Amino acid sequence: MKWGFLLTINHGTEVKVINCKVRLLGTTINVYAYFVDGMLIDSGPQRMKQEMVDFCTLNRPEKIVHTHYHEDHTGNTPYLKHKLQIPAYIHPDSLKICRQKGRIPFYRFAFWGNREGFEAEPLPGIIENSHSRYEAIHTPGHTPDHVVFLDRNEGRLFSGDLFVHHKTRIVRRHENIPLLMESLRRLLKENFETVYCAHAGVLEHGYELVKQKLSYLEELQDQILSMSNNGQGSKDIARKLFPQTPTITYFSFGQFSSYNLVRSLIEDRWQ
Ligand SMILES: [Fe+2]
């Protein structure tokens, strides 16, 4: 677990990074939360509770904004809200989900811990801080409520789980990848340089990487649709294109898999 100061920029808008590394059954996942100009972007999983509480006690966020409702992004919000009286904001579609304790499968609990219920306010389209202004852009696909935060002046994009990797090989069962691709296309019309990803960390040439991710997914979709049109099923296609099954696929009982990626690229494209 570590905190870091990444950039020193005038007017108190430096970005502070809170990083947690979780290792389980041969799989390591990084998770990052960010703090800028009084705004905490995601509160991290319960597993990093103590570090997050220490960080927030020292830095006193004025608000918590969330990229989406998953427990590795909202895990500490109930405690921070209660303990430090910090208001929390999330996309309106997730207000109801967040009122209840997370209902998550075992593998997610093992990685992150769960999340208690909390009351949030609907995220506004524009977030005005003391020295900065962020636009919350709806980018569904990973989840229906997913948003990213863009500072047009600084060219900064806090991307939650929209990016994660430029060559995605496994996804969750309910991710809608064609919809995520639409979100990437829309985002690439914007100007930004540095991407602050919740799992890949700070990406200095983030725009290029987002572009690479979209190209990769477009090529992959063409290939998969061609195989599907030739009569191959999703499971066969996944086996041929991604012959190595990562441990997390077994551990999650298939909830995190290459098959989900293939299936979504075929079945979700008309929605
Ligand atoms: Fe997520």
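Strands β2 (residues 15–24) and β3 (residues 27–36) pair in the antiparallel sense over ten bridges. Two strands count as paired if DSSP finds at least two bridges between them. Strands (E, at least two residues) and helices (H or I, at least four) are DSSP runs, numbered from the N terminus. This is a predicted model: local features need pLDDT of at least 70, side-chain atom pairs count only at pLDDT 80 or more, and totals for chains, interfaces and linings use all residues. Residues are numbered from 1 along each chain as its sequence is written.

L24 has T27 of β3 as its bridge partner. β2 and β3 form a hairpin with two residues between them. In that turn, L25 has a positive phi of about 50 degrees. β3 also pairs with strand β4 (residues 39–41), in the antiparallel sense, over three bridges. Here Y34 stands opposite I41 of β4. β3 and β4 form a hairpin too, again with two residues between the strands.

Strand β10 (residues 147–151) has five of its five residues buried, so it is largely enclosed by the rest of the structure. A residue is buried if 20 or more other C-beta atoms lie within 10 Å of its own, exposed if 12 or fewer, and partly exposed in between; C-beta atoms are placed from the backbone. V147, F149 and D151 point one way from β10. V148 and L150 point the other way. Both groups are buried.

β10 pairs with strand β9 (residues 133–138) in the antiparallel sense over four bridges. There, A136 has F149 of β10 as its bridge partner. Three bridges join β10 to strand β11 (residues 156–160), and the two run antiparallel. L150 stands opposite L157 of β11.

The hairpin turns compare as follows.

| Hairpin | Residues between strands | Turn residue | Phi |
|---|---|---|---|
| β2 and β3 | two | L25 | positive, about 50 degrees |
| β3 and β4 | two | D37 | positive, near 50 degrees |
| β10 and β11 | four | G155 | positive, about 65 degrees |

**The whole chain**

The protein has ten helices and 15 strands. Its C-alpha atoms fill a box of roughly 60 × 40 × 30 Å along the principal axes. The radius of gyration is 18 Å, which agrees with the value near 18 Å for a compact globule of 271 residues. That radius is taken over C-alpha atoms; the globule rule is 2.2 Å times the number of residues to the power 0.38.

Buried residues make up 39% of the 271. Two residues are in contact if their C-beta atoms, placed from the backbone, lie within 7 Å. Of the contacts with a separation of 6 or more, 67% join residues 24 or more positions apart.
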